Amino acid sequence: MNGRGSVALSGKRGLVGEVSRALAIMIVAGGFWGARALPAFAGNVSIIAPQESSTTLLSRNRVLNVVVKVEDKGDINQMNFKDDKTGRNFDPSGRYEKANEYYIHYRLPLTKGTNTFTLTPGNQTLKVKFSPLSSLLNVDFTKEGIYKFHKDGVIPDVCGGCHSNELPAGAKVDRVLYGKFSPECYSCHSRIAVESEWKHFPASGLLCRTCHQAPQDEKSVQIPSGKVEGLCFQCHVNQSKWTTMAHIHGPVGTGDCSICHDPHGSQHQYQLAADGKAKLCVVCHVDKKQYLDSGQRRFNVHGILSAQGCVACHSPHATNYKFQLVSEINELCVSCHSALQGVELGHPVQKHPIAGRKDPRRDGYAFTCTSCHNPHGSPYRYLLIADIRGGRICVMCHDSKKNALGM
Ligand code: HEC
Ligand code: HEC
Ligand code: HEC
Ligand code: HEC
Ligand code: HEC
Ligand code: HEC
Ligand code: HEC
Ligand code: HEC
Ligand code: HEC
Ligand code: HEC
């Protein structure tokens, strides 16, 4: 034991020594017990977080933090957490000491469904039913059996002393000059604040309580659920105009911003759950996936998809045009295919109209470029809706035996 301060033992990160000095604790010295074989399981061992041995976790996060309290020093190095299904063993993420008690921290990875872990010796089991969360709509975090760590405030007594309200020296936090600064979240949730490639300012700046505090209660930690857009529009004031537009994208209409954006940060630009140009879209619009796999033979994908993705034409949030388009269809197409700019007659054949009529094939649709072209892709040349050979495209609207338009 090092009486002067603290020594890093098995925290995975190099910063542990420095950080823990600010936390005013002692960390158990490395290798101290390692070499000796310890036959006995001498003192009390308890899993202190989570408190229940069986619980349900609704979370975006696929890792559960578990803390085991060990009373006898000799037991520390023989504690072993095992995943019952895979047989995999987990190393602690840290072992720390406070007043002659030892706190072993684990980060246990979860898979969807029931996860059972056994802590040996002693055979204590921890059963976690895990539902990965993708939308907050209709999620009830207050339901019985749902894991809530912060039932008794921000830092429960058992974790106190080590975890404090102070921001440790060397914390990589962006300082934001407004909002409710929450240094007390850092020592446990630093990953949420700083690990993302694309950070969201209020999270990387530790404005956690802006979104997580119940209005009546300074000490509580709340999960915002239901419509989260209200949270977002507090700061993203200009975006609130979306709610007044004629065509609001499904999940935006239900106020479900966090189904696409991780409010803390992510590995993708704009803190999105996947690449926002196209991959994100086909998670829900699965029928459009085929347009991204251009490996298929004899299938022509609209060239712009691989470069600019779906958002070249569609707004992910809201617009005043049908199909969430960024402008009227013909205007949109000729903004890139400029040879047809201003043309009303003369494509694909002399005097042929490209606007200003009804689409004879589709009730309720105007006659536009998409009357003949599929904007996404097609098995036919020029993205046409039918083969140009044999005039098959023409007979989609013109019956060859009758007049134009089959009338
Ligand atoms: C912009 C609002 C916002 C800010 C700022 C914010 N959060 Fe969150 N947080 C949410 C929402 C919304 C959820 C609900 C679940 C989700 O969408 O991931 C959430 C969920 C969580 C969860 C549960 C994770 C999960 O998926 O189960 C934790 C832990 C968390 N936040 C911690 C923090 C910490 C720590 C900070 C500050 C570093 C912070 N949050 C800042 C909005 C925010
Ligand atoms: C004996 C001191 C001590 C006690 C008691 C303690 N911790 Fe910790 N904990 C630490 C130290 C030190 C760290 C590492 C801090 C760092 O690296 O920034 C840590 C880190 C963590 C982390 C972050 C792990 C990671 O790798 O991201 C979580 C979560 C955590 N503790 C939860 C708890 C909970 C919950 C309790 C109470 C049930 C608790 N701790 C009790 C000392 C302690
Ligand atoms: C002592 C460590 C510790 C501190 C400090 C801490 N948390 Fe947590 N928090 C946890 C643990 C452990 C969980 C359970 C989920 C997990 O294992 O990651 C959790 C879960 C959450 C959740 C999900 C809901 C819940 O209650 O389980 C939110 C939201 C959250 N924390 C926000 C915060 C915010 C905001 C702060 C600062 C005001 C904060 N936490 C400070 C350890 C801590
Ligand atoms: C406390 C104020 C605040 C809240 C609340 C907030 N944001 Fe932000 N957000 C910011 C700031 C500051 C930035 C960074 C400045 C910028 O790039 O516009 C940002 C950036 C973003 C960006 C990246 C913008 C860009 O152009 O790169 C997205 C996306 C975003 N926020 C979405 C959300 C969502 C979704 C919510 C609600 C869950 C939300 N924000 C809540 C303050 C906030
Ligand atoms: C269907 C998924 C989805 C939903 C739901 C969603 N967004 Fe976005 N958001 C995106 C995509 C994709 C981009 C990037 C657009 C681009 O690349 O042009 C984006 C960009 C942004 C930006 C930065 C650029 C801009 O337009 O200002 C902000 C801010 C933002 N979103 C906020 C929100 C808010 C607030 C909500 C809820 C009202 C929300 N988003 C809901 C997918 C979504
Ligand atoms: C979380 C699921 C989800 C994601 C992700 C998503 N959408 Fe949607 N989208 C919907 C829902 C729900 C509707 C509404 C469907 C309805 O009204 O029939 C919708 C409607 C649309 C429509 C209008 C369809 C119509 O018939 O009017 C378009 C266009 C669209 N989405 C494009 C996109 C694009 C582009 C992206 C990626 C930036 C995207 N969506 C991402 C769920 C999603
Ligand atoms: C070149 C512009 C363009 C691109 C890029 C584009 N779309 Fe479209 N999309 C349109 C147009 C135009 C319509 C209206 C179709 C019509 O008039 O028949 C449409 C219609 C839709 C619709 C509603 C009708 C239907 O076919 O289901 C959805 C959903 C949709 N697009 C999703 C997507 C997704 C997802 C992507 C990316 C994989 C994407 N779009 C890429 C132009 C585009
Ligand atoms: C953001 C720019 C952009 C928009 C908007 C756009 N396109 Fe394209 N389009 C392209 C690109 C790039 C190509 C690939 C060009 C190439 O392969 O020579 C292409 C190819 C095509 C082709 C195939 C040309 C060929 O010679 O095989 C057709 C047909 C087409 N687009 C029609 C449309 C229609 C109809 C719309 C409106 C729904 C539209 N485009 C909107 C950029 C765009
Ligand atoms: C009445 C059906 C029809 C309509 C409406 C139509 N097209 Fe075409 N388009 C065709 C046919 C047929 C071809 C193949 C022509 C050829 O072989 O020369 C073609 C070819 C093209 C090509 C590739 C050859 C070239 O000229 O570069 C592009 C790009 C194109 N169309 C864009 C558009 C745009 C943009 C619109 C709307 C402003 C539009 N088309 C409206 C039937 C149509
Ligand atoms: C999506 C439906 C559609 C397709 C496909 C289509 N047309 Fe048309 N066509 C029309 C409409 C609508 C008119 C305008 C009729 C009117 O003026 O009432 C028209 C008009 C014409 C006219 C008369 C132009 C004039 O002098 O007024 C000719 C010729 C014609 N089409 C030939 C073709 C040929 C050749 C093809 C195949 C390359 C073709 N059309 C494909 C819908 C279509």
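Visitor: Which residues are buried in helix H2, residues 186-194?

Guide: Some ground rules come along with that. This is a predicted model, where local features need pLDDT of at least 70, side-chain atom pairs count only at pLDDT 80 or more, and totals for chains, interfaces and linings use all residues. Residues are numbered from 1 along each chain as its sequence is written, while chains are lettered from A and ligands numbered from 1 in the order in which they are written. A residue is buried if 20 or more other C-beta atoms lie within 10 Å of its own, exposed if 12 or fewer, and partly exposed in between, with C-beta atoms placed from the backbone. Helices (H or I, at least four residues) and strands (E, at least two) are DSSP runs, numbered from the N terminus. In H2, the buried ones are Tyr186, Ser187 and Ala193.

Visitor: What are the buried residues of helix H9?

Guide: H9 spans residues 329-336, and its buried residues are Ile329, Asn330, Leu332 and Cys333. They cover an arc of only 160° around the axis, so they too are on the same side of their helix, H9.

Visitor: And strands? Which side chains of strand E4 point to the buried face?

Guide: Along E4 (residues 63-70) the side chains alternate.

Visitor: Which strands pair with E4, and in what sense?

Guide: The general idea is that strands of a sheet pair through backbone hydrogen bonds, either parallel or antiparallel. Two strands count as paired if DSSP finds at least two bridges between them. Strand E2 (residues 45-49) pairs with E4 in the antiparallel sense over four bridges. Strand E8 (residues 101-109) also runs antiparallel to E4, joined by eight bridges.

Visitor: What is the strand order in the open sheet of five strands?

Guide: Read it as E3-E10-E9-E5-E6, with mixed pairing. Strand E3 (54-59) and strand E6 (89-90) are the edge strands, each pairing on one side only. E3 and E10 run parallel and are joined by six bridges, with Leu57 opposite Phe130 in E10.

Visitor: How far apart are Ser131 and Arg60 in sequence and in space?

Guide: Ser131 is in E10, residues 124-132. Ser131 and Arg60 are 71 residues apart in sequence, and 8.5 Å apart in space, C-alpha to C-alpha. Ser131 counts as partly exposed because it has 14 C-beta neighbours inside 10 Å.

Visitor: Now the ligands. Which residues come nearest to ligand 1?

Guide: A residue is near a molecule if its C-beta atom, placed from the backbone, lies within 6 Å of it. Of the 24 residues around ligand 1, Ser59, Arg60, Cys208, Cys211 and Pro263 come nearest. H2, H3 and H4 each give two or more residues to this shell, and H4 gives the most, with four. Domain 1 (16-133) and domain 2 (229-323) both give residues to the shell, so ligand 1 lies between them; the domain bounds come from an automatic or database domain assignment.

Visitor: Which residues come nearest to ligand 4?

Guide: Among 19 residues around ligand 4, these are Phe201, Cys232, Cys235, Cys257 and His261. Helix H3 (201-204), helix H4 (208-212) and helix H5 (229-235) each give two or more residues to the shell, and H5 gives the most, with four.

Technical notes:
Arc of directions from axis to C-beta.
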